[in-house]
Amino acid sequence: MIAAPIPKIPSLTIPEEVKVIPSVKIEPTVVDSLQQEFVEPPLLNELTTVDRLLITKRLPVKNVLCMRGKKNRFFVRTSDQNLIYTIEEENNWWVGYLCYGLRPLQLRVRNCHGMEVMTINRPFAFTSRVLPCQLQTLEIFSPPGHLIGTVQQQWTALRPLYLVLNERGDSLFWIRGPVNTLTCFKDVQFQIQRTDGEHVGATCKRWQGLTHALFFAPVSDRFGVAFEQNLTVEEKALLMSVTILLDYMYYDS
């Protein structure tokens with residue numbers, strides 16, 4: 001047999017000139033506009049337009065009975081009952097049984113999406129009636145790790161007095177309470193004033209009836225805080241933190 005001849009492979013022609021596609025330059029303004037579309041909303045933006053907050057406290061009874069500690073849970077709502085924050089207490093399991101309302105703790109504030117937007121630290125301290133040289137303080141961080149302000153208890157003989165400061169240590173508000181802080185058939189208000197005496201708002205401990213006071217006060221309670229709408233979100237967050245501190249100071253048992 002005679003083998004068939006192998007066909008010739010056509011030679012590849014390489015073009016002498018290769019066309020280069022010019023690069024497309026994107027203007028900086030276009031890049032900036034694209035980045036702005038993906039910027040995350042600022043923290044605490046839920047407080048931008050509100051002028052009143054309603055705070056409900058719940059203490060899980062099962063945790064107390066099972067010796068898991070006293071760890072409160074707070075629900076923060078607007079005046080139209082929209083839930084904006086859930087606050088959970090963290091502490092060592094034994095401090096709630098020994099220190100009660102004076103216990104050191106940390107509060108983690110999460111928004112409706114579960115994101116932690118604020119942290120409140122409270123070290124152990126006494127009250128003005130026990131040891132005037134070591135009074136209550138709060139440290140508020142938003143986002144967690146970034147200090148936005150503090151709350152300091154001031155020594156007085158009768159009326160409760162607290163000072164709210166920003167992250168630089170500048171005085172923002174005075175919180176003045178009544179001589180009698182017991183909620184006996186009436187609401188208890190703490191007045192909020194600027195350092196020049198201008199009235200800004202008030203916090204309120206709600207009276208919920210005799211039955212609640214006798215049986216349910218240790219496990220549930222209601223508070224409110226009202227302020228001027230034009231305050232910054234950081235100032236509103238500080239006033240919300242003051243309201244929670246007042247609960248631990250006078251109504252947590």
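Is Phe 185 buried or exposed? I took this up at the start, working throughout with a predicted model.

Entry 1: I found Phe 185 in the loop between β9 (171-176) and β10 (188-194). Its relative accessible area is 58%, so I class Phe 185 as exposed, the cut-off being over 50%. I then read its backbone: phi of Phe 185 is near 65°, a positive value in a residue other than glycine. I noted Gln 81 as well, which is not a glycine and has a positive phi of about 70°. Gln 81 sits in the loop between β2 and β3 (83-90). I also looked up the peptide bond between Ser 142 and Pro 143 and found it to be cis, with omega about -10°. Pro 143 belongs to the loop between β6 (137-141) and β7 (147-153). I recorded these cases because most residues other than glycine have a negative phi, and most peptide bonds are trans.

**Entry 2: Arg 73.** I placed Arg 73 in strand β2 (residues 73-78). With a relative accessible area of 35%, Arg 73 falls between the 20% and 50% limits and is therefore partly exposed. I checked its neighbours beyond four places in sequence and listed Thr 56, Lys 57, Arg 58, Thr 86, Ile 87 and Glu 88. For the pair Arg 73 and Lys 57, I noted a C-alpha to C-alpha distance of 5.8 Å across a sequence separation of 16 residues.

**Entry 3: Asn 121.** I located Asn 121 in strand β5 (residues 116-122). Its side chain makes a polar contact of 2.7 Å with the side chain of Gln 106. Leaving aside residues up to four places away in sequence, I found that Asn 121 touches Gln 106 and also Leu 105, Thr 137, Leu 138, Glu 139 and Phe 141.

**Entry 4: nonpolar core.** I examined the largest nonpolar core, which has 45 residues, and noted Leu 47, Leu 53 and Tyr 85 as those with the most contacts inside it. Helix α5 (residues 233-250) gives the most to this core, with 11 residues. I followed up Tyr 85: its contacts beyond four places in sequence include Leu 44, Leu 47, Phe 74, Val 76, Val 109, Val 117 and Met 240.

**Entry 5: largest pocket.** I recorded a volume of about 300 Å³ for the largest pocket. Its lining has 18 residues, of which Thr 183, Lys 205, Ala 213, Ala 217 and Tyr 251 are the closest to the centre. I sorted the lining by class into 9 nonpolar, 5 polar and 4 charged residues. Helix α4 (residues 210-216) gives the most to this lining, with 3 residues.

Notes: Residues numbered from 1 in each chain as written. Predicted model: local features only at pLDDT ≥ 70, side-chain atom pairs only at ≥ 80, totals over all residues. Heavy atoms only, no water. Helix = DSSP H or I, 4+ residues; strand = E, 2+ residues; numbered from the N terminus. Buried < 20%, exposed > 50% of the residue type's maximum accessible area, 1.4 Å probe, protein only. Contact = heavy atoms within 4.5 Å. 1 Å grid on protein atoms, 1.4 Å probe; cavity = no way out; pocket = protein on both sides within 12 Å on 5 of 7 lines; lining within 4 Å. Points joined across faces, edges and corners; volume = space filled by probe spheres on them. Nonpolar A, V, L, I, M, F, W, Y, C, P; charged D, E, K, R; others polar. Polar contact = N/O pair within 3.5 Å; in protein donor to acceptor, adjacent residues only side chain to side chain. Core = buried A, V, L, I, M, F, W, Y, C linked by side-chain atoms within 4.5 Å.
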